[in-house]
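Colleague: Could you walk me through this chain, one question at a time?

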Amino acid sequence: MISTNIVLMVGLPASGKSVLVQEYEKLGYSVLSLDKKTMFSATETATLDKELKKSDKVVIDNTNISLKIRKTFIDFAKNNNLTIGAHYINTSKDDCLINSLNRMYDRHGEIYMHLSDVPAKYKSESHHFLFSHIILNEYLLVCKISLLEI
């Protein structure tokens, strides 16, 4: 885990970001997330600013895959004299698909769609120098059922 004012989770859908966010919550971080409807857009800084007035540590639990999205938060941190870090999760596409299938099965008791639209490659840009801290997870698989059960 990193200790900065703002932590951006970065990774494909179902890569395990929300699992790690729970650890940040235990460390006292507030969580902003499109999934939990505590954010209204991927580049929203007004809610972040409001949350930072209540808590000095916030983790943003979205995919944050594009540099454009990350740069919005990097600029916000720089303009407000805050530290910002990125927690990259490079879970493979195949493992993200398995995680997503597990999530569907857990939530709905069945697999009801094909997830072939996940990008074939996830490449993090080489703009790491913009963050004060970086963590890179090469692999995170949250597996509850085997494909044989599907």
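**A guided look at the chain**

Modeller: Happy to! Of the 150 residues of the chain, 42% count as buried, where buried means under 20% relative accessible area, exposed over 50% and partly exposed in between, with a 1.4 Å probe and protein chains only. This is a predicted model, where local features need pLDDT of at least 70, side-chain atom pairs count only at pLDDT 80 or more, and totals for chains, interfaces and linings use all residues. Residues are numbered from 1 along each chain as its sequence is written, and side-chain values use heavy atoms, leaving out hydrogens and water.

Colleague: In what order do the elements of the chain run from the N terminus on?

Modeller: Helices (H or I, at least four residues) and strands (E, at least two) are DSSP runs, numbered from the N terminus. The chain has 4 helices and 5 strands. Their order is β-α-β-α-β-α-β-α-β.

Colleague: How many residues of strand E4 are buried?

Modeller: In a regular strand the side chains alternate between the two faces of the sheet. Ile84, Ala86 and Tyr88 point one way from E4, while Gly85, His87 and Ile89 point the other way, and all are buried. For E4 (residues 84-89), the count is 6 of 6.

Colleague: Why do the buried residues of H3 lie on the same side?

Modeller: In helix H3, Ile69, Arg70, Phe73, Ile74, Phe76 and Ala77 are buried. They lie on the same side of H3 because the arc they cover around the axis, taken from the directions from the helix axis to the C-beta atoms, is only 160°.
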